[in-house]
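Me: I'm new to this one. Can you walk me through a few spots?
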Amino acid sequence: MERWKPSYDCEEDAMAAPSVCPVAETVPTAQRIFGDISTNRLWTFRVRVNEKLSVFEQLGIVGSCEALGNWKHTGAALMTREESQDEDEDGHVWTAQVYIPRHCDTQYRYVVFGVDATSEQLLVRRWEVQLEPRCIKEWDEQPPECQETFGCVNGQEKVDRGWLTKESLVQLKFFYAPFTWKQRMKRRLVHVKVTPMNLRIPTTGCAEMAPVSTLEDSLSNDTHDTRENGGDSTAFAFSEVVTLSADSCEIRTQEQFGTACSATDLVIFHLTVADLDNVAYLVDLYSYKSKVEREDGPPHHLGYHYVLPNLFKRSEGNLELPITCAKTHRPLGMMKLGYLIVKPSSHSAHMDMRVSYTRYWNNKWTGLDVGHRGSGTSFKAMDAVIRENTITSLKNAAEHGADMVEFDVQLSKDLVPVVYHDFMIYVSLKSKCSMQEHDFLSLPMRELTLEQLKKLKVYHTAEGLSRETRSFHNDDLLEHQPFPQLADVLEALDEHIGFNIEIKWSQRLQDGRMEEEFEHVVDRNLYIDCILDVVLRKAGSRRIVFSCFDPDICTMLRYKQNRYPVMFLTLGHTTKYQKYMDPRGNAMETAVWHAVAMELLGIVAHTEDLLRDPSQVNLAKERGLVLFCWGDDNNSKDTIKLLKELGLHAIIYDKMDVLTTKEVKQSVFLLQAKDSQKEMLKLQALEMGHVWHTSASGSEEQQA
């Protein structure tokens, strides 16, 4: 489905945090009855789904009343599918009868759930994400023949994938045909299929268990026995795949004989599993001898390997695995693959289905001014008077008209999210053998606790390397201090200032070195959960966009929560920085494909690359992506003007007080809130019989 951006003005756009409501128990029936019938009315929901659902998928309704779960997916009313005369058709009609409140409006959305019959667990597969949900008014009567269409409300189709609630996401990455063979394979194109397999031991007695079949029997032309075909060896899971290319960059169901993995392909297997610890992954490799064979018959089964869950030592990593010949069961070669494990957030209580902003962007929000690290990088320019990434720096940018402020977040040793850019810091030493005024020790920032960061005299990387310290105005005041907590920043700035929160995560460079000298010690899932916990509790109605240079961190941010949008920071073609080993951010087009595949809001492109080839702006905009840009090139009024003319949604730059051309030094979100308040006052005045008068100066006021 294409990206979506609302074109009308009446929608809510505050990105407000939905309230946490009590959860109703799941009842797998088509009829839900809560409370006294005298205060409720029976309503028949009937909706057509114009796609073929899998055997594990079922439609449901979630909404604003207890019978519909109070917006919690666990309390949704499940629907039943009507029998169809044509079983081969792609779509079906689903129905449910639910008692809804009689004396108030009822809002609701349709959801495609994955239903695990064993645990009765509901997985949110796809759901309607219009800002304004469907609504049954208090005075509405049941239409005689009411049939709605899943995903389509008032002519607008908006459906997004769900987020992780209890299940986990496993991604296996096959980049650039990562296979080596003991025998010459005549450059055959290899097709890969990955199937989650159940490792849980049955509870039946050994005598009652079915005999174990031979490997040749289990790996049939249909690859293997599946639960759909009557087998019970597969796990409850959804097996999908995406190829990062112009033609196939949306996640899709795997084909019978797998997906081609050529020397130029970036293939990601996207596996949603309910029981992570008891699932293995059967990797089957296939090949066709010719194009004719590909059209006329099944491929040759080359080999296979079972990836056991105990190989996943951390949330991410790389595996080098043997390939076993499917015919002789002897070693045939090796394959290398990367993996990513995304677990559900431990703070899911803060999330419901009342509203989602994961791909929301108002059409009025174009050419926004974003303050880089607040008022700008303070250790490159010698004339900077405010320290970067401090509360004062962020406030100063807001006071000079910034629509949003961009800043960097990482964790201290005691897992507190703090605002700071560099991975390394310097602390001052008193040397026994030297009389130098400044002698420094380099340390990873993550090796100091929050208290240590606050108390120690800490120097920036630029100061440590040059041995020349810098001083800034009012450097001893609290809001001028480095390492402010993310929680304090969320509370200190006006809520109408948008936040672009960049998550710092050290990546491996093309030459094999890490951006930070040391390997990570905190697991990715824990790292992201600590940051999300603060944002979900403290953000309120603030507009927030997450971003990161690491594509897997972007994926995790997307699937761990359902509220805030995520953007992929990219280098593109650059002469200023060393590229990353992961290829997804090293070119604009692959970055766009990754953003489309993972349903991100958009791209934060490097302006150096956009100026080299401005036509790349269309790569993102044609896919419906939102486009920000970053880089030193932005620190020019002429460049900012050019980028706005190219249609970028936001430009991140230093020195907001010098470079902004705004006449009114207020954020677009504050101006929009004032307009909304003004319209509300007008409506109230009309309802009370007053006249709304526009004065000669252009200001509006109420007149009796």
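Predicted model: local features only at pLDDT ≥ 70, side-chain atom pairs only at ≥ 80, totals over all residues.

Me: Is His305 buried or exposed?
Reply: His305 counts as buried, because its relative accessibility is 14% and the cut-off for buried is under 20%.

Me: What does the side chain of His305 reach?
Reply: It reaches the backbone oxygen of Pro322, at 2.9 Å.

Me: And which residues is His305 in contact with, leaving aside neighbours within four places in sequence?
Reply: Tyr281, Leu282, Val283, Leu321, Pro322 and Met335.

Me: Different topic: strand E33. Which way do Val566, Met567, Phe568 and Leu569 point?
Reply: E33 covers residues 566–569; Val566 and Phe568 point one way, while Met567 and Leu569 point the other way. All four are buried.

Me: How many bridges join E32 to E33?
Reply: Three, and the two strands run parallel. E32 spans residues 544–548. Within this pairing, Ser547 stands opposite Met567.

Me: What do E32, helix H8 and E33 make?
Reply: A right-handed β-α-β unit, with H8 at residues 551–560.

Me: Then where does the chain cross to from E33?
Reply: From E33 the chain passes through helix H9, residues 588–597, to E34, and this β-α-β crossover is right-handed.

Me: How many bridges join E33 to E34?
Reply: Three bridges join E33 to E34, residues 602–606, and these strands run parallel.

Me: What is the bridge partner of Met567 in E34?
Reply: Gly602 is its partner there.

How values were computed: Residues numbered from 1 in each chain as written. Heavy atoms only, no water. Buried < 20%, exposed > 50% of the residue type's maximum accessible area, 1.4 Å probe, protein only. Pairing = 2+ DSSP bridges. Right-handed = clockwise from strand over helix to strand, strands pointing away. Polar contact = N/O pair within 3.5 Å; in protein donor to acceptor, adjacent residues only side chain to side chain. Contact = heavy atoms within 4.5 Å.
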